[in-house]
Every structure is written in structure tokens, then in C-alpha cells.
Amino acid sequence: MSSSHVLVLNCGSSSLKFAIIDINSGAEALSGLAERLAEQAPLIKYKYNGAKHNIDLSAGDAHQVAIEKLVELVKQLKLDTHLIAVGHRVVHGGEHFTKSVLINDNVIDAIKQTSALAPLHNPANLLGIEAAKKAFSHLLQVAVFDTAFHQTMDKQAFLYAIPHALYTEHGVRRYGFHGTSHYYVSTQAHKILALPENNSRIISAHLGNGCSVTAIKNGQSVDTSMGLTPLEGLVMGTRSGDVDPGLFSFLVNQLNYSAQNVDELLNKQSGLLGISELSNDCRTIEEAAAEGHAQATLALDIFCYRLAKQIAAFIVPLGGLDALIFTGGIGENSDVIRAKVVSMLEFMGLSIDNDKNLAARFGNQGIITSQNTPCAIVIPTNEEWVIASDAATIAQEQ
Ligand code: ADP
């Protein structure tokens, strides 16, 4: 095995996803998830050589312990000698970061400053960075930001119509997220469909637990559905997406909600879960809808209608469409949602091909419309690959 591996870390508030990726082949030498960190029964699950294993942690163990155990495991499997860098997913890079960067003290300070905009995510990402710096002090660490790809958006797309000082003094603007995924699938689409990089109009729909759509013109993000936080835009698993901001004062003044209650309601109790009163999981909702569950059907209808409406709106910045990409757990697997959404977009020249739509599931990519131009296409995302490849490139430049 050559020294061409990158450890990719994606640190959430109570979880840590990791993978060791060979940047020559893209193969994952190791992958796994530490979950329930700092809770009762934390656990590391990992996959190595096709087999699944668990490591139990002690109650209360958090990121530092999980990373120490991961280091032990990496050493025991003799994967450490092949590592050339550690790549970290960082959710919010604010306006500081337009691309991936080598982590140094200034970068850490900038990520800390941006924490006010992503209080749940950035502090967790920083925990991962600090723990990895300690554990792999000999390796270069690179930060890859969810927001960076969208830094090409124009002011007309990223400013809210609120007093301008909130932007200049406090950074209140639309940033957009899922940038690594939108970047990856749009790059793949250029290759697969032989689209010229300087003349292409792509809309990419990343549909997972969080959902966002991005308008990509000539390879650059020109607009996206998420905003200051990942709450804006589409209906998601537990997030409401767009609501009338007047809802806040209604909940506070009429129903005595606190700011925290409003936040909780819109982020954790809304979306597919809120409408269906059943689940945030798309599979469960689809199964229930197929059995006649009225609210599950309604949840799917609202999800698809709002998604189709957002996709159609992005024809404005693009001036037309070459390809609509579906990705993320729902986008890659739900033929039902794709067929519904594409049927609402027939006026844009898209018509679903049922056989192709069924074939493009469970990791299989492919065009799902009868025509190739414009087309709807399923492309499985690979954010870990982008993080590994950026980290390797930056480490090799040093
Ligand atoms: P995350 O955003 O956490 O990375 P994923 O991209 O894995 O999440 O997406 C999770 C979503 O994908 C869930 O709503 C899940 O139900 C949905 N999903 C996964 N497989 C299917 C499937 N076969 N049919 C419909 N939805 C699916």
C-alpha cells in the first residue's frame, strides 16, 4: 500500500463520521461512525475489509476519546503509515473561506468567529480539529467548508431585503450549504454528459435529511435554496424550510414560545415529520403513503411541490437547463419522489422514463428522462472523496 491515504473526519455535535480514503483509487480502506458521544452508551461502528465491527466506549466519552480510539484502531490496522493528511468537514466558513485551506491558528480563529452563525456545527467541527491535531501531530490538517462553493453567488442572490447594516456589521446574508456535494455532482455531470465547462446550466438537488437545490452556471454556484442557516428553502426531514417570518412573532406573542422553542419547532419537529406526524424518514413515509396514510401522502405532496417550485425558480438565474441532478439518500433512491417532481416540470422539457428511473437507485447513476437534453440524472454524491482529494492536493503543495 502506498502513502496516498487521507483520513476524513466529519464531526457532529454527538457523532463523528470517519473514513480513510486512497486518493489514487477512491477506495475506502476504513469507514465508520462514532455515535451517541458524551451520552450514555457511546459506540464506534466501523467497516474494514468488508466486515463490520463495534468498539464500545464508556458512558460520557466524547470526541477526544473517540479520536484516541480511532488512532489506536488505525495503528493496529497499520493504516497510519499510509496517511498523508487529515481532511475535516467544516459546516460554516462564512465569507472567510472560498475554498479548502490548510489549518493553522488563523484558520482556527476564523472558524471560531463563524461559530455564531453555526452554533451547533462549528464548535463540534473544532473539537474534531483539536483532537486530530493532538492525535496526528505529524500530519497536515485541511478544512473543507460546506459554504465555500456558494461564495461565487452574486449580491442579488445572497442578500436579504433587510437593513444593510445587518450584513456589513453582523454577516447576516445567505451562505448556502451542501456545497461539497453540489460541487461533486455537478463536476461529475459535466464529465458524464460532456457539458462544456464554460457553457452549462445545471440544477442540483441534494435530498437527504437536509435538502437543498443549487443553480450552477458554467461550473459556479449562482444561487442556492439554503440561507444564513441550513433551515431556509425546501421541506426537509425535520426542518420546515421557508415559512413566513411572521410565524415567529405569532408563536412568541400568541402561543408564548421562547426563541429556543421556535428554533426547536422549525428545526426538529417540522418538515416531513411535522406534516406526516409519523416520521422524518422518507422510506417510512413512502411506505405509509402507499398503504393510504393520508398525512404521509400530504407530506410527500408538499415536499415534491415545494421542490419542483424551487427548481423552476432557478431557471431565472440560469436562463435555461441542461441537466437536473438528483443526489443524497432521497435523490439517489426515491424513484417515487423523482417521478412526481419531474412530472411537475414537463414544461421545462423533462419527461420521466420509468424503466431508467427504477434502474437508477441504490448507488446506480443514470439519466432518468426520455431525452438527454435537457435531462434529469441521478448521480450518487461523494463528499468524503472531495474532502480527501482537496486535503491531499493541499498537503502535497506544502
Ligand atoms: P444525511 O443527510 O443525514 O446524509 P442521507 O443522504 O443518507 O442523509 O439521506 C437520508 C434520507 O434518505 C432518509 O429520509 C431516507 O429515508 C432516505 N432514503 C434512503 N433510502 C431510500 C429509499 N430507498 N427510498 C426513499 N428514501 C430513501
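Pro374 is placed in the loop that runs between strand E13 (366-367) and strand E14 (375-378). In this predicted model, a cis peptide bond joins Pro374 to Thr373. The rest of this briefing covers the backbone, the chain as a whole and the ligand site.

**Backbone details**

- The omega angle of the bond between Thr373 and Pro374 is about -10°.
- Ala38 has a phi near 65°, which is a positive value in a residue other than glycine.

**The chain as a whole**

- The chain contains 16 helices and 14 strands.
- Its C-alpha atoms fill a box of roughly 55 × 55 × 45 Å, taken along the principal axes.
- The radius of gyration of the chain is 21 Å, which agrees with the value near 21 Å that a compact globule would have with 398 residues.

**Where the ligand sits**

- The ligand is found in the second largest pocket.
- Around the ligand there are 13 residues, and the closest are Asn209, Asp281, Cys282, Arg283 and Gly329.
- Sorted by class, this shell has seven polar, three nonpolar and three charged residues.
- Helix H10 (282-290) supplies at least two residues of the shell, and so does helix H13 (328-333).
- With four residues, H13 gives the most to the shell around the ligand.

**Polar atoms at the ligand**

- On the side-chain part of the site, an oxygen atom of the ligand is 2.8 Å from an N or O atom of Asn209.
- Asn333 also takes part through its side chain, where an N or O atom is 3.5 Å from a nitrogen atom of the ligand.
- At Arg283 the backbone is involved: a polar backbone atom of this residue is 3.2 Å from an oxygen atom of the ligand.
- On its own, the ligand has 580 Å² of accessible area, and the protein covers 73% of this area.

**Points to find in the structure**

- Which helix gives the most residues to the shell around the ligand? The helix to look for is H13, with four residues.
- Which two residues does the cis peptide bond join? They are Thr373 and Pro374.

How values were computed:
Residues are numbered from 1 along each chain as its sequence is written. This is a predicted model: local features need pLDDT of at least 70, side-chain atom pairs count only at pLDDT 80 or more; totals for chains, interfaces and linings use all residues. Side-chain values use heavy atoms; hydrogens and water are left out. A residue is near a molecule or strand if one of its heavy atoms lies within 4 Å of it. A polar contact is a pair of N or O atoms within 3.5 Å; within protein, one must be able to donate a hydrogen and the other to accept it, and residues adjacent in sequence count only if both atoms are side-chain atoms. Accessible areas come from the Shrake-Rupley method with a 1.4 Å probe; for residues, only the protein chains shown count as cover. On a 1 Å grid over the protein atoms alone, a cavity is a set of points where a 1.4 Å probe fits but cannot get out, and a pocket is an open set with protein on both sides within 12 Å along at least five of seven lines; lining residues have an atom within 4 Å of a point. A molecule sits in a cavity or pocket if more than half of its atoms lie within 2 Å of its grid points. Ala, Val, Leu, Ile, Met, Phe, Trp, Tyr, Cys and Pro count as nonpolar, Asp, Glu, Lys and Arg as charged, and the others, Gly among them, as polar. The radius of gyration is taken over C-alpha atoms; the globule rule is 2.2 Å times the number of residues to the power 0.38.
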